[in-house]
Amino acid sequence: MSNYKKILVLGAGPVKIGQSLEFDYSALQVCRALKEEGITVVFANSSPSALATDKVFADKVYIEPLNIESVKRILEKEKPDALLSTAGGDDSLELSLELAQNGYLEETNTVLIGINQDVIRNVKNRHSFVDALCEISEPTVPALVVNGVEEACDFADKVGYPVIVRPAYTPDRESAEYCNDRESLAAKAEKSLETSIVSQILIEKSIAGWKEIEFEVIRDSEDNCISVASVESIDPVGIHTGDSLVVIPAQTLTDSEFTKLRRAARKIVSSLGIEGSCNVQFALSPDGKEYFVTGVDPRVSRTSALVSKATGYRIAYVSAKIALGKALFEIENDVTGCTTACNEPAMDYCAVKFPKWSFESFSEANRTLGTMMKATGESLTIGTGFELAFMKGIRSAGKNHLPHLEQFENITDDELKNAIRKSDDTRIFAVYEAIYRDFSIDEINEITKIDKWFLNKLKNIADTEKLVKADNSKASYEYAKNMGFTDFAIEQITGEKSEYSLSAVFNSIDTCSAEFDAKKPYFYSVFGADNEAKIFINANNTDKKKVLVIGSGPSVAGRTGDNDYCTVHAINSLKSQGFEVIVINNNPASVTTDYNVADRVYIDPLCNEDILNVVKTEKPEYALVLFGGENAIKASEMLKDNDVEILGPDYDFYRKITNKIEFFDILDYANVKHTSSKKLCVGTCIEAHVISDGENYFVPALCEHIEKAHINSGDSISVTPTVSVDDSMLETVNEYIGAIVKELSFKGALDIQFVVFDNDLYVTKASATNTTLVPFVTKASGMDVVDMAIRCMAGEKLSQTGINNKDGKYFVRVPVFSFEKLKGADMVLDEKTKSTGDVMGIGDTFDNALLKGMIASGMRIKRTGSILVSVRESDKTDTVKMAEEFLSQGFKIYATSDTAKLLNSNHIATNTANSEQAVEMINANKFSYVVSTLQNNRNSDEESIIRRAALMRKTPVFTSVQSAYAFSKSLANNNVMEELEVTDI
Amino acid sequence: MMERKKAYLVLQDKIIFEGYSMGKSGVAIGEVVFNTCTSSYTDILSDPTYYGQIVAQTYPLAANRGVNPETDGSEIMSNGYIVREWCDVYSDGNEMNLDDYLKSRGIVGICGIDTRRLTRYLRDKGYVNGVITDSLENLDELLYKVENYTVSGAVSEISIKEPVCLKGENVKYNVVAVDYGSPRKQLNAFLLNGCNVTVVPAFTDAEEIMKYSPDGIVLCDGPADPDDEPQLIDNIKAYTKLGVPIFAIGLGHQMLALASGFKIVKMEKGHRGSNQPVILANFKKVMITTQNHGYAVDRDSVDSNNADIIMTNINDNTVEGLKYKNFNGLSVQFTPKGDVDSSTGFIIRDFFKMMAGEENE
């Protein structure tokens, strides 16, 4: 094994679409794996919400921008022996390649481990990727960049139709066109050539409708190689696998197809020289005769996290050990306790992944699914049969217990056929409706290319639904339960509560199909005779009191990992207080479903009936519902009915706070001023995460929002300590919090928001479940904020009170959005949360911290050039101030007509551009920044087009004048990035 | 919910699993073993090591793509088959579903039982006999048969009766394969890599073998107890004196060990599945192998003057491969693959080197 003493691990940055919590889960495992070997772990990530940025397994933590300058500074400061970047996604891989190429690693004698430069180059550059695979005779999808129509047609004739044509080097991947013959190709090629900036087009053989199969392979430096699992997308090629329903293991391959692909996967990994985990993607023709390699990801990924949870095999952990030079058989499988990492997991169940989209938050976004991933999260559900796993998935990713959607129930058959043709987020429901209406399986297969095996499984479900409707017998009830129908679903079908009942028992996920008696299994519900969870509990009995922690399910926009962060902190806190902690959750990316975090894990839906199954088996004394979101809070009543005491705030409390009338009554009674719905107060927003032991309270870090507008607090830029709140106002904040705490007398935490208006303080809202700021507050205060709250819930008293006043550094939280992934979505913020993640900047001054935060969020900083301003009426005073600042720094100002008039009349030299010109200039990359706020009329298309254009050109857009102003000031007061200090928190 | 015929799996300690009939309806007795493969069910059914056994598949969804009677046509060796759920076939090819396939081969099966529960039971007990039956009448009589069930004379039962000559491609070597019942498929590795293979019946003696003037002798895999036929061991002793390189697999490996004076032990837990990790001595090289056996060569009985233990199972430290010193012999517990990409591919290449008179790595 290697002799590395200190290793720098790069994280993945903020949660974004296509890059969810799984990287945090993987990074934690990596840090754990390294720590076990006595290595000093230095971890760098820009997001405060990553659990790996807690100093649990990492010895030193840098919450800094993940770019060359700051990582170079960390290298210089820490001088690590090695750099590990395979747990940080593509961005970190590329960053590590750049660091190596620029010689920065050599300067500090740091070795790149886990992957070598050649591998990164080979898989990230399409050209070398094709060459590398060609060398070992593995086929890739035929594609060619051409300059003319004739050339395009010749190529297509050679590889066969249909083909996809798209302008070369366009950021908009959705501009692809399908051509079924020479004629249509000629026409579309010509059009694409015109739109292409470089007058080139890419022709690619279309493999839409082919099967999509992935293998998760792991290999050590001795060339030992196993395939952890096969993964099959139910939606065929054409829809990103992140947006597909997925099943593990693959179900519809013949033995020879399976063997062929698995062998190819191992060959690729071996010949590319990958040491660690690798995801290999294939497209397999429906007749099974031909395949193409469509992707190779030599790092941990969304799929590796999913596969880890579905099999019990710790892919990221094992990869890290391999990076240190260990062979697979030298790495323990701690689930069985008696085998090693070279045992391929044997599954005796079927795992299904449902994608979860957040289109509710992005109402304008186009819901059509394609090659660009749009899902924000996913659920993992497990059953002995596909049907059970699927039905669990339906209620995990959606609100319904049955695969019906109202929108399809009353449409005609023809309309339904059209609905099946559309590949959007509701298609699976349309397919089910069609099967329910007895459309032929062949016809649905013809239209959707979904394999008949899956369609017939759906038919089994539809037949079960019909059986339940027709036959009220015990036999049909039990049959339906086995197929995954809940009592609630059965009641929906029959219209009445069933007289029968059947509780689930639990099987184990043990990596070995029960071949060995596992030491650390985790569980999923089934219907059968043996309750393995019960057997395990009895065999490992403790006297500890039990707490059931309800997880928060699939990630959605607005939950930027904070729920997960809080849940894991809560678990650790409860464990340290001597409780036995049991978790139920269905999010495979989440750290909460890691079997090494809580004492026991149940991978199941979060519906009352599913939770109750766990309660019946575990018989916990307490439950923690607070961090599971609304769904979990609502389970309080059911839990109480089953003699489980709720730790901390329960549903009653939640309702009291959420109901504005009731809450404002309470405030009135406590003599606390509050905004009413009639008056719109625009002013400085303050947010406090208040912890109370029922009597006293403590605010670890009081935050101020930069934006004055009424946007969701999670979408605002926050700073702590506050920068524009004076002492007397702070006193009022203190006074108000005191009054509220006294009135509500709660144990736990409460998020309270205030606005300063006309030099007066008003409470705008409070929330028991809003934990968006908790990770940030934890990092800024250096205190385990969740632990404090949990201890209060459990009856301990606070040792510190009041508002924490920590002098020294400034901390800025910048939300991160994924608008570029969502065609049609507007970037303007409102009350619905739209951010998907967050980053943090730390600095000696507010300006330094803000600039770092902005850089960490991915913004390209420019210190010269032009800005475009287009703002609404009410912003105009602040606009002048902002434009003045930019102008004074030498920026040229452009503005749309009304705004230009305003600025010119205030003696700010401004060029006028109408929106068409503005878009043209954006496309020509003329602007360093765009400031564009919502116009009075909500559907201002012109504005939205400007913002969208800027987004596609990666020009930074400010949708709030205040944040633009704050940013401009940070530019003015700031030195260059290389001179900003990096800090070990 | 279709109407299905009830069937039962009764284990020797009277544990009853209720399920549905699959394949032929009737009675099948045998040792009940599990297998953790998620695919390759036809390979399992035709594997001679399952001779006389009832196989339970731990993966719950069996034969999703059915069975192709043309390509998966080998004879079924197991007495019975247990799955949780078999699937009807929806592809347009000529595949049969598992139920029809087993019917066509006259094999008794059962589906719809909790195979995980069964596996846990088998795992804890080690060796269990059982019966698949469509009726619980005369249960005591059945149980008596179950308790007293043993397999004997298996090799003579399933070994070929007359020699067969198989022609390979680009032939360099003549190999004689002594057949203990393994399917022809296992010889493909030799045929594809430059060997003519003469398959001879199990009881062929040394003199007879020399008539084919072989460059090498292969002792094939076969069913169960290596002590079962002393005559075979005596024959093998004679083979080792012929000066011809010997390569032995599975049952052949165990009988070769017996012929060399080593001992065989019944394992506490058999190796049942496709993910058995085997490590090469002195290397950090692991092979992932498919196995089904309950006997192994006793590690302590291996005389280091006569043989080196060159391969070991990582999970339980059992002997997986031997290199002989007193004659030119190599033997492994599992079936090595012939293709270059496979982690076990080098083993057959080593045997080729032995035939060519080269030293192995």
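Chain B has an average pLDDT of 90, and 97% of the residues score at least 70; pLDDT is the predictor's confidence in each residue, on a scale from 0 to 100. The model scores ipTM 0.91 and pTM 0.93. The model is predicted, with local features requiring pLDDT of at least 70 and side-chain atom pairs counted only at pLDDT 80 or more, while totals for chains, interfaces and linings use all residues. Residues are numbered from 1 along each chain as its sequence is written, with chains lettered from A and ligands numbered from 1 in the order in which they are written.

Turning to the interface, 31 residues of chain B are in contact with 43 residues of chain A (contact: C-beta atoms, placed from the backbone, within 7 Å). On the chain B side, two or more residues each come from helix H3 (115-125), strand E15 (264-280) and strand E16 (286-297); helices (H or I, at least four residues) and strands (E, at least two) are DSSP runs numbered from the N terminus. H3(B) gives the most, with 5 residues. By class, this side of chain B has 10 nonpolar residues (Ala, Val, Leu, Ile, Met, Phe, Trp, Tyr, Cys and Pro), 11 charged (Asp, Glu, Lys and Arg) and 10 polar (the others, Gly among them).

A closer look at one residue follows. B:Lys266 is found in strand E15 of chain B. B:Lys266 counts as exposed because 11 C-beta neighbours lie inside 10 Å, where exposed means 12 or fewer other C-beta atoms within 10 Å, buried 20 or more, and partly exposed in between, with C-beta atoms placed from the backbone. Neighbours within four places in sequence aside, B:Lys266 is in contact with B:Gly294 and B:Tyr295. B:Asp298 is 32 residues from B:Lys266 in sequence, with 8.9 Å between their C-alpha atoms.

Note on methods:
Contact = placed C-beta atoms within 7 Å.
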